[in-house]
Amino acid sequence: MYKVDLPVDESTEKAVERRRAAETARKARIFNTRLRVMGLDLDTLNQQVQEKKHQQNMEKQRDKALDKLRIYQDEALVQQNNAEKQKRRVLNSELTNYWATHQQAEDSRDVDLKFGLKGAFKIAIPENELGPASMQIFKGEGVGEELRMREQIRKTERDLRAQMDENEKRHMRDKHIEMLVSKELVQQDVRGAQQAALEEVCKRATRIALNNYNQALAKEQAEKLKEQHKREEQENLAEMWHTMTSDMMTECAEATERQVGGGRPPQVLPDRWKGMSPEQLKSIQQEKEQQCLERQKQRDAEKIRDAAWDLKLLKLSREAEKEDLRAAELSREQRIQMDRYNMQLAREQLAQQEYLNKRLYTNKPTKDYFYQFNTSSR
């Protein structure tokens with residue numbers, strides 16, 4: 001047989017190493033008391049912390065990028081505004097220069113009307129070389145110009161004089177209207193003062209009439225009160241006389257009773273009743289004494305009954321105390337017996353423990369005995 005060097009299959013060894021590493025990590029997690037009892041996964045927590053920090057860094061970078069973009073946009077907007085302002089300023093300056101250079105008032109078509117012939121455009125070409133389109137003054141155009149100008153001036157003067165007269169008339173009319181308004185206001189003030197004086201006179205006359213009326217009413221009221229007081233005094237005297245001479249004050253016993261007949265007792269009139277007779281008072285006193293005797297007998301019977309109940313309750317309480325004492329004595333005896341039984345059990349347990357520790361379990365296990373457990377996670 002020939003010896004052939006075959007290639008080693010490393011995938012199997014890698015799989016074995018991978019399983020061994022997984023088993024080692026599993027043992028570390030399972031046999032770690034802190035991790036197993038408290039339930040802390042440090043790797044996961046550290047990973048979460050790293051992810052949180054990475055997220056915060058990304059957010060900070062995004063915020064910085066956004067801030068830079070915002071600043072750049074603001075600067076670009078400011079530059080654009082400044083450029084537009086500068087361009088507008090240049091355009092305005094160029095337009096002003098163009099107006100000053102190419103659009104002067106002396107170069108307009110109606111310069112001869114505005115400035116006379118001082119700034120009129122002078123033609124340097126000879127008139128015999130100009131065509132019909134270059135004609136500016138026609139024949140017969142300036143005839144009667146001076147007369148027309150004088151008439152126009154006179155008309156302007158007449159118009160101005162008419163306007164001045166009209167203004168003067170309007171001014172005089174306004175002054176006349178103001179004077180009439182002032183007179184009307186003065187007359188209104190005078191009428192107001194006269195009316196106020198008349199109102200004051202009327203008010204004074206009204207107050208005087210009212211005072212006279214009030215005095216008359218007061219006199220009439222005083223007379224009525226005097227007559228009423230007099231009438232009340234007479235009625236009071238009549239009532240007093242009637243009361244003094246009536247049956248109520250004379251204490252007539254017959255006036256309090258009214259005979260009804262038919263063998264029935266007389267009827268008492270409440271409004272005339274003067275009190276009870278001696279016979280009625282005596283009967284009431286006897287009835288009262290009889291009620292007092294019956295009440296005294298009732299109280300004596302109640303005292304006897306209460307004493308009987310107290311005696312019975314006393315007997316019952318004494319019997320209950322005796323029963324409590326017997327129960328306490330029985331409980332004390334039971335507790336003593338229980339203590340003795342517990343002491344006997346303690347002695348037997350101590351003897352059993354000494355037998356187990358000193359005679360039966362004499363070979364104590366070493367650390368190697370405990371190390372043989374929990375060597376695998378499976």
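Does E151 count as buried, partly exposed or exposed, and at what relative accessibility?

1. The model is predicted. Its chain contains eight helices and two strands, and the order from the N terminus is α-α-α-α-α-α-β-β-α-α.

2. Of the 378 residues in the chain, 2% count as buried. The accessible surface amounts to about 36500 Å², with 55% of that belonging to carbon and sulfur atoms. Where contacts link residues at least 6 apart in sequence, 29% of them join residues at least 24 apart.

3. E151 counts as partly exposed, at 37% relative accessibility. E151 pairs with R154 in a salt bridge whose closest N and O atoms are 2.1 Å apart. Both residues belong to helix α5 (residues 145–245), where three residues, about one turn of the helix, separate them. R154 is likewise partly exposed, at 34%.

4. The search of the whole structure finds eight salt bridges, among them two further pairs described here. E220 and K224 are joined with closest N and O atoms 3.7 Å apart; they lie in helix α5, four residues apart. E220 has a relative accessible area of 42%, and K224 one of 48%. R191 and E184 meet at 3.5 Å, N to O; R191 is partly exposed at 43%, as is E184 at 36%.

5. A nonpolar patch on the surface is formed by Y369, F370, Y371 and F373, which together have about 490 Å² of accessible area. F373 is found in the segment after α8 (367–371) and is partly exposed, with a relative accessible area of 45%.

Terms used
Residues are numbered from 1 along each chain as its sequence is written. This is a predicted model: local features need pLDDT of at least 70, side-chain atom pairs count only at pLDDT 80 or more; totals for chains, interfaces and linings use all residues. Side-chain values use heavy atoms; hydrogens and water are left out. Buried means under 20% relative accessible area, exposed over 50%, partly exposed in between (1.4 Å probe, protein chains only). Contact means heavy atoms within 4.5 Å. Accessible areas come from the Shrake-Rupley method with a 1.4 Å probe; for residues, only the protein chains shown count as cover. Patches are made of residues with over 30% relative accessible area and no salt bridge: like charges are joined within 9 Å, nonpolar side chains (Val, Leu, Ile, Met, Phe, Trp, Tyr) within 5 Å. A salt bridge is a side-chain nitrogen of Lys or Arg within 4 Å of a carboxyl oxygen of Asp or Glu.
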